[in-house]
Amino acid sequence: MNKEIPKIFEHQKTEPGLYQKWEQSGLFTPKIEPAQKPYTIIMPPPNAYDQLHIGHALFVAIEDIMVRYHRLKGEPTLWLPGADHAALASQIFFEKILKEEKGLTKYDLGREEFIKQLGAHIDANREMMENQLRRLGASCDWTRKKFTLDEDVSYAVRYTFKKMYDDGLLYRGERAVNWCPRCETFLSDLEVDHKDSAGQLVYIKYPIKGETNKYIVVATTRPETMLGDTAVAVNPGDKRFKDLVGKTAVLPIMEREIPIVADAYVTMEFGTGAVKITPAHDLNDFEVGKRHNLPVISVIGVDSKMTAAAGKFKGLKTKAAAAAIVEELQAQGLIEKIEPYQNAISICERCKSTLEPLLSKQWFVKIKPLTDPAIKVAETGEIKFIPEHFQKVYMNWMENIHDWNISRQLWWGHRIPVYYCQNNPDHFVVSIDPVNKCSECGGGVKQDEDTLDTWFSSGLWPFTTLGWPKETNDFKYFYPTTMMETAYDIIFFWVARMIMLGIYCTGKVPFELVYLNGLVRDKQGAKISRSKGNVVDPLEMVGKYGADALRLGLLAGMAPGNDSIVSEERIRGYRNFANKIWNAARFIQMNAGEDIDLDQVELNPEDAVQIKEFQAIIAEATGHMDKYRLAQAAELLYEYFWHQFCDKYIESAKNRLKTDKSAEATLHYILKNCLIMLHPFVPFVSEAVWQNLYPGSLLLGEKWPTRRS
Ligand SMILES: [Zn+2]
Ligand SMILES: [Zn+2]
């Protein structure tokens with residue numbers, strides 16, 4: 001074996017070819033072996049429209065390590081990759097492109113064309129994103145890849161919506177949403193801009209019921225909305241109003257009795273510290289109203305005119321109504337003062353019109369029936385959390401959860417499968433397949449304009465990816481999955497929804513283990529973001545130092561649930577380790593002859609000691625891996641390989657080589673098994689070395705070492 005081996009590991013030349021070899025080997029695709037329990041991870045799908053960022057590189061490292069480990073242990077191992085349509089983010093992103101490149105808005109294209117063009121853009125980008133996963137070394141099964149808008153996934157989403165509706169778990173409720181009177185559409189929160197506007201702050205005296213000449217004074221920039229007030233709120237910590245909380249105020253003009261409530265949402269510094277609460281016409285007030293069970297009275301319509309609920313002001317435009325109301329209050333002596341006031345008003349991102357928060361019909365999930373079983377599986381340990389303390393975080397949240405509004409005012413996503421009758425506003429049909437007639441009166445129908453919250457379809461991800469609701473072989477074998485690994489900041493958005501919907505849809509937990517990784521921060525501890533200019537681009541790092549160095553750089557010192565620090569220096573440092581492995585193997589290959597089985601040689605005492613010590617390393621590394629202590633396993637193997645094996649043992653064995661079969665066999669034995677154990681962490685350099693030592697075989701498909709007896 002005198003083939004010339006390059007002096008350094010040339011990652012740029014080597015890595016892509018190795019990945020191709022792996023992918024073509026078919027080893028990423030597990031065989032269904034009914035007698036064996038599979039190890040399954042469904043990948044958190046990255047956004048299809050975007051590039052991978054450093055947070056993705058962290059989850060790829062963690063999940064790929066676990067997947068390669070279990071594959072080496074001989075378990076049927078599935079890591080199912082996917083891509084997310086990322087409704088809101090994608091739509092905003094593409095609207096920006098349209099505007100910048102063509103000066104167009106989504107309305108110029110229309111719904112169908114907009115979706116078509118965005119879809120084409122995403123198809124092209126998605127391939128690039130998938131190739132980035134390959135560059136990071138993700139050993140996932142591409143034959144099973146899924147996109148959240150795939151037809152079978154979309155079918156499963158509509159199927160679930162219908163099932164939940166039939167089971168009484170969905171209802172249509174009202175929520176205050178920003179309405180653009182010019183675009184005549186409800187906007188999502190992120191389609192809203194703000195601008196400073198010069199207005200007035202009107203201080204109105206609300207009499208206290210049963211007490212003469214006692215008032216609570218509220219300040220408002222929109223006096224016309226007072227007609228829809230259903231409470232006055234103060235901050236619970238505000239001593240000025242301590243005696244008034246729990247009492248009743250009488251709403252002027254309407255003569256309606258409304259409660260005075262305490263809510264932490266109120267800032268003591270605004271106005272008098274007491275604010276009027278109008279749930280129908282303010283997004284925050286709507287939330288306050290929900291917390292205090294306040295009625296919702298809608299006094300402004302989609303035409304920006306006062307409704308019948310506004311009494312004698314009905315039909316007036318909001319501005320005219322405001323003036324008339326102030327005049328009447330002044331006549332009654334109920335205006336304390338009027339001040340000029342600068343405030344930020346919400347405007348339409350597109351047309352810059354002032355937005356009007358109005359009540360809109362939205363779909364909600366009745367959440368309580370779903371939480372009880374989802375709490376139980378965490379309590380009993382049927383689902384475990386790493387780190388453990390997230391179990392409490394999860395349970396606390398589940399116990400205080402509110403009904404879930406799943407309607408989104410977006411075009412890009414799963415359109416809500418409900419068809420409304422054109423003749424009768426009370427008629428509608430919930431249907432998996434399109435319908436064109438009202439089932440009650442035969443009239444024409446129109447599909448709901450809204451799409452579903454991304455987290456609704458994401459909540460079904462662990463089983464829609466496996467073919468559910470069909471009883472596919474994949475679903476039967478790989479579900480429930482083994483581990484869900486994701487960042488802790490989406491435990492509520494995503495993990496909780498997967499558990500609730502998983503149990504509801506399949507009767508089983510979606511996974512046995514939740515592993516929560518921290519966020520990646522820069523050296524100063526700041527969150528990595530484009531706007532901060534501290535971005536560490538994972539693909540750039542791979543190009544400069546190799547994927548192995550990036551993976552170790554992210555993993556070093558990492559503890560689950562804790563944020564970790566990334567820096568280019570650290571990644572560069574781990575390139576040295578890849579080179580260390582390369583050089584040690586090169587030395588052994590050039591100086592220690594052929595790999596001979598340990599059992600074929602008589603071991604010298606010093607080699608026997610070395611091998612005995614190595615058995616403890618195998619046991620310890622295996623223990624760390626089984627307990628998901630990945631950083632400790634990496635550190636152990638790094639320390640052992642560099643400082644024990646290379647610095648001490650190779651040095652001491654050097655002089656005995658070529659004459660001493662015992663030393664040669666020991667070197668080969670330890671190197672070989674170190675390569676296998678290091679493979680999950682540094683897949684590329686370990687495989688490259690393996691290819692030199694054992695041409696024709698793949699380290700990827702080797703067996704994890706066990707202790708020699
Ligand atoms: Zn607009
Ligand atoms: Zn009808």
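Predicted model: local features only at pLDDT ≥ 70, side-chain atom pairs only at ≥ 80, totals over all residues.
## A walk through the chain

Is Tyr628 buried or exposed? Its relative accessible area is 12%, and the cut-off for buried is under 20%, so Tyr628 is buried.

You'll find Ile253 in the loop between strand S10 (248–251) and strand S11 (256–262). Ile253 is not a glycine, yet its phi is positive, at about 65°. With a relative accessibility of 16%, Ile253 counts as buried too.

Now zoom out for a moment. The chain has 709 residues, and 55% of them count as buried. It is built from 21 helices and 25 strands, and its C-alpha trace spans about 110 × 60 × 55 Å along the principal axes. Take the contacts between residues with a separation of 6 or more: residues 24 or more positions apart account for 76% of them.

Next, head for the zinc ion (ligand 2). Which protein atoms hold on to it as donors? They are Cys421 (SG), His427 (ND1), Cys438 (SG) and Cys441 (SG), and they lie 2.2 to 2.3 Å from the zinc ion. The angles among these four donor atoms run from 98 to 123°, and the site is tetrahedral. If you trace the donors along the sequence, their spacing reads C-x5-H-x10-C-x2-C.

The peptide bond that runs from Ile386 to Pro387 is cis, with omega near -5°. Pro387 belongs to the loop between strand S15 (384–386) and helix H10 (390–399). Further along, Trp468 and Pro469 are also joined by a cis peptide bond, this time with omega at about 10°. Here Pro469 is in the loop between helix H12 (461–464) and helix H13 (473–478).

On to a place where two helices meet. The axes of helix H9 (residues 368–379) and helix H14 (residues 491–506) come within 9 Å and cross at roughly 105°. H9 and H14 are therefore roughly perpendicular to each other. On the H9 side, the residues in contact are Leu370, Thr371, Pro373, Ala374 and Val377, and they meet Ile499, Met500, Leu501, Ile503 and Tyr504 of H14. What sort of residues make up this contact? Nine are nonpolar, one is polar and none is charged.

Our last stop is helix H21 (residues 683–693). How many of its eleven residues are buried? The count is eleven, and the helix is mostly covered. Among these buried residues are Phe684, Trp690 and Leu693, along with Glu687 and Gln691. What covers them? The buried residues of H21 pack against several helices, including H1 (11–25), H2 (54–72), H5 (111–136) and H20 (661–678).

How values were computed
Residues numbered from 1 in each chain as written. Chains lettered and ligands numbered in written order. Heavy atoms only, no water. Axes fitted to C-alpha atoms, helices over the stretch in contact; angles between N-to-C directions. Helix = DSSP H or I, 4+ residues; strand = E, 2+ residues; numbered from the N terminus. Parallel < 35°, antiparallel > 145°, perpendicular 65-115°, else oblique. Contact = heavy atoms within 4.5 Å. Nonpolar A, V, L, I, M, F, W, Y, C, P; charged D, E, K, R; others polar. Donors = N, O, S within 2.8 Å, 3.2 Å for Na, K, Ca; no water. Tetrahedral: all angles 85-135°; square planar, octahedral: opposite > 155°, others 65-115°. Buried < 20%, exposed > 50% of the residue type's maximum accessible area, 1.4 Å probe, protein only.
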